[in-house]
Amino acid sequence: MSSEGSSGLSMWIRCGLYTSLGILGAGVTGLAVYGFILSMTLTLPKSDEHPPLLIYGAPFLLKPGLSVERSGLLDRLHRLEYRRVRTAPKAAGEYILTDDVIDLVLHAQEEAQLPARRVRLRLADGMVSEVLTLPDEQPAPFVALEPAVISGMRAGSKQVREWIPLSRIPPLLVQTLLAVEDRRFFSHYGIDPIAVGRALWTNMTRGAVVQGGSTLTQQLAKNLYYSPQRTMRRKFQEFMAAVVLELKYRKEDILESYLNEIYLGQSGSVSIYGVGEAAHRYFGKGLDELSVDEVALIVGLIKGPNTYSPVKHLEHATERRNIVLRRLRDQELVTEQDWTKAVNRPVRVALTQDALSDAPYFVDYLLREVEEATGMGIPEGARIFSTLDPWIQQRAAQALQRGLASLETAYPTLQGGESSLQGAVVVLEAKTGHILAMVGGRDYRVSQFNRAAQAHRSAGSLFKPFVYLAAFEAARDQGEAGLTPATLLEDEPVTLESGTGPWSPQNYDRQYRGQVTVRTALEQSLNVPAVRVAHRTGIGPFLSMLQAFGITTPLPSNLSVALGSSAVSLLDITSAYGGLANGGIAVRPIAVSNIARETGETVWSPIIDRRQAVSPQGAYLVTSLLKGVVDQGTGVRARVLGVQGPVAGKTGTTDGYRDAWFVGYTTDLVIGVWVGFDDERPIKLTGAQAALPIWSELAGRLIRPDQPDFEMPDGLVERRIDPKTGQLATSQCPEKILEIFIAGTEPTVYCEIHGGGMWERLKQTFGFF
């Protein structure tokens with residue numbers, strides 16, 4: 001080769017070398033710059049950063065007249081972690097119980113700026129007779145248990161978690177984590193070449209990705225900063241972030257963050273992050289109370305929180321737990337004897353009950369309500385004070401679960417099919433519209449669709465009370481000719497123009513009873529008399545009445561609406577009945593009392609929507625009729641099932657037996673229940689058969705036997721009538737009932753069938769009745 005050729009080759013080699021060095025230098029510089037940027041931007045979370053948005057239940061008022069048993073007072077104390085002691089309580093959260101008193105030291109309530117304080121509840125026959133401050137024993141005007149945390153959110157995901165310092169995390173849990181996830185954690189610099197090489201070899205020999213080589217630091221970087229996408233770019237970013245974190249922070253800081261930030265599954269609507277929350281949600285324990293097998297289950301979840309969920313896949317969770325236990329045995333972190341005990345112990349979790357008490361359907365509804373009402377994001381660390389009563393919520397969920405299971409046992413045809421039997425429950429406070437409980441379905445983990453608020457189903461007979469109410473209100477201008485509870489109606493075949501053509505309504509049993517009073521017609525839920533009244537009054541006043549009581553769904557202008565052909569949500573119809581309980585004042589249901597910043601400053605509180613939908617007299621007349629439904633009508637089974645006290649209510653059964661309803665109320669509470677299939681298959685049961693037993697179980701727990709009766713307003717009069725004629729009863733009438741009338745609409749003529757004696761004639765002559 002010539003010297004010229006050799007010189008040219010050398011030049012090309014030098015150029016290539018310089019180019020390679022330049023590219024390498026640019027790459028190193030780029031990595032250094034990228035690493036510097038990461039070091040400036042990547043930070044580990046701390047215990048005082050990004051506080052969760054907490055959602056609280058309503059405070060529980062301690063007041064005279066409170067039943068210790070029926071109010072669940074002791075259950076409420078235990079939920080709030082009060083401890084029963086044998087001597088006079090001294091520390092916050094302690095109480096002593098005797099036959100005569102409950103002495104307790106209330107927890108401090110920072111949000112309300114209330115310090116811990118001592119109170120005494122004097123008892124008489126299981127009822128609170130006095131609420132006193134201690135030690136001076138002066139009457140306390142307002143004492144309430146602190147609201148319980150029911151859920152929370154962090155970074156847009158529902159969760160509640162306490163940051164646990166590494167010093168408080170049991171050594172066995174840390175050792176188990178390192179043994180399973182990253183044995184060389186304390187010796188590598190964010191990337192473990194040995195683990196990466198082992199994973200590559202295993203995946204190549206198996207022909208699939210069966211093992212990963214990520215360190216704890218890489219997993220933490222992925223969870224905190226990057227999406228879970230499996231791309232080379234994302235993997236490179238993860239590598240770089242892990243190295244930067246290792247250079248910037250101590251190993252102990254990284255390990256503490258990992259243990260508090262790792263995702264470990266779902267508890268109802270709550271995302272579980274961190275080992276502390278996992279211990280609470282899955283086992284109802286603190287970290288220091290966990291057994292070896294429980295530690296193994298929590299660590300085993302890291303590989304696949306949903307795949308190895310002990311709630312969704314018990315068998316897979318058990319297999320994964322046993323793999324972790326075997327690793328502990330092989331590394332001599334547990335003895336052979338401890339391993340044998342742990343591996344043979346069945347997996348038991350406390351998640352189901354915990355998910356019920358968290359009210360996931362209610363929390364979803366609450367957040368949606370806040371978003372729609374405010375149109376703004378909720379500040380980080382805010383406190384949402386809801387209207388929910390966690391104790392009532394738990395009882396409502398239990399009643400629905402047990403009730404649906406009992407129906408499936410009694411009626412096997414309800415089982416099977418593509419969808420399971422469903423139900424929903426709503427409990428409202430009549431005067432305020434506060435939602436005390438909301439159960440939107442059988443199992444939130446299976447379906448998050450809220451059947452209490454989102455589902456709209458045919459109302460059936462639940463509309464009938466409003467048909468008669470519209471007629472009662474119209475009767476004020478018609479005097480004696482107007483409709484009253486004693487008016488006789490024809491229960492005979494009839495054909496009417498419904499707005500969509502001729503229509504011949506029929507009663508549910510296809511039977512007719514001739515002439516019946518309005519009271520009997522509603523108590524027995526007869527269709528034909530209700531349609532006759534709607535036709536007589538006009539469909540317009542009836543539709544306006546429904547809208548005034550908060551029914552928001554579109555209502556067609558035809559007579560079939562009188563029998564509930566239009567759809568309605570359980571929440572709306574329960575609220576409408578709440579307007580009847582509240583003397584004709586309709587209150588829009590609310591889930592939030594107020595939202596406050598962490599500092600206590602109020603961010604938003606809802607505007608209470610209250611309106612006088614109907615006169616107190618009209619509302620009371622309908623309540624009187626609906627009390628009859630429970631005492632001797634289609635709802636009488638409630639009495640058989642043990643419901644006591646003054647109660648009004650109405651059964652609802654839709655055409656084709658697709659929906660079963662019962663809504664009932666006292667002066668304080670309104671409870672609504674719906675049962676049916678999501679796909680609208682017939683359940684072939686009435687409201688009295690399917691919904692009423694669930695309602696009765698819950699009402700029996702919540703309604704006191706000595707519940708005060710509904711107060712009759714001014715403007716009403718009482719008269720004894722003969723139910724066969726609707727006229728004033730005489731001594732000759734075989735049956736007499738006391739009926740209520742709006743003043744001016746009461747009958748003035750004595751019974752013309754059975755005749756009257758001299759005394760009745762004299763009273764009529766001189767204007768006495």
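Good morning, colleagues. What I will describe is a predicted model, and every value I quote was computed from that model.

Let me begin with the chain as a whole. The protein chain contains 24 helices and 31 strands. Of its 769 residues, 53% count as buried. If we take the contacts between residues at least 6 apart in sequence, 66% of them join residues at least 24 apart.

I turn now to the interior. In soluble globular proteins, nonpolar side chains tend to be buried together. In this chain, the largest nonpolar core has 89 residues. Which of them touch the most other members? They are Phe-466, Tyr-468, Phe-542, Phe-549, Ile-573 and Tyr-577. Consider Ile-573 in particular. Not counting residues up to four places away in sequence, Ile-573 touches Leu-462, Phe-463, Ile-551, Val-568, Trp-661 and Val-663. Another core, of 45 residues, lies apart from this one, and its members include Leu-173, Phe-185, Leu-216 and Val-334.

Is Thr-651 buried or exposed? Its relative accessible area is 6%, and because the cut-off for buried is under 20%, Thr-651 counts as buried. Leaving aside neighbours within four places in sequence, Thr-651 is in contact with Ser-461, Leu-462, Thr-634, Gly-635, Trp-661, Phe-662, Gly-687 and Ala-688. Leu-462 and Trp-661, in that list, are also touched by Ile-573. Gln-524 is 127 residues away from Thr-651 along the chain, yet their C-alpha atoms are separated by 9.7 Å.

Next, a pair of helices. Helix H14 covers residues 390–410 and helix H23 covers residues 692–702; their axes come within 8 Å and cross at roughly 150°. Angles over 145 degrees count as roughly antiparallel, and H14 and H23 are therefore roughly antiparallel to each other. The crossing of H14 past H23 is right-handed. Which residues meet there? From H14 come Trp-391, Ile-392, Arg-395, Ala-396, Gln-398, Ala-399, Leu-400, Arg-402, Gly-403 and Leu-404, and from H23 come Ile-694, Glu-697, Leu-698, Arg-701 and Leu-702. Sorted by class, this contact has 9 nonpolar, 2 polar and 4 charged residues.

A further helix deserves a word. Helix H17, residues 527–537, has as its buried residues Asn-527, Val-528, Pro-529, Ala-530, Val-531, Val-533 and Ala-534. After H17 comes Gly-538, with a positive phi near 105°.

I will finish with backbone details in the loops. The loop between strand E7 (127–133) and strand E8 (143–145) holds Pro-135. The peptide bond from Leu-134 to Pro-135 is cis, with omega near 10°. Glu-137 is found in that loop between E7 and E8 as well. Although Glu-137 is a residue other than glycine, its phi is positive, near 55°. At 31% relative accessibility, Glu-137 counts as partly exposed.

Where does Lys-684 lie? It is in the loop between strand E28 (669–676) and helix H22 (687–690). Lys-684 is not a glycine either, and has a positive phi of about 60°. With 66% relative accessibility, Lys-684 counts as exposed.

Thank you for your attention.

Definitions and conventions
Residues are numbered from 1 along each chain as its sequence is written. This is a predicted model: local features need pLDDT of at least 70, side-chain atom pairs count only at pLDDT 80 or more; totals for chains, interfaces and linings use all residues. Side-chain values use heavy atoms; hydrogens and water are left out. A nonpolar core is a set of buried Ala, Val, Leu, Ile, Met, Phe, Trp, Tyr and Cys residues joined through side-chain atoms within 4.5 Å. Buried means under 20% relative accessible area, exposed over 50%, partly exposed in between (1.4 Å probe, protein chains only). Contact means heavy atoms within 4.5 Å. Axes are lines fitted to C-alpha atoms, for helices over the stretch in contact, and angles run from 0 to 180 degrees between N-to-C directions. Helices (H or I, at least four residues) and strands (E, at least two) are DSSP runs, numbered from the N terminus. Angles under 35 degrees count as roughly parallel, over 145 as roughly antiparallel, 65 to 115 as roughly perpendicular and the rest as oblique. A crossing is left-handed if the near helix is turned anticlockwise from the far one by less than a right angle, and right-handed if clockwise. Ala, Val, Leu, Ile, Met, Phe, Trp, Tyr, Cys and Pro count as nonpolar, Asp, Glu, Lys and Arg as charged, and the others, Gly among them, as polar.
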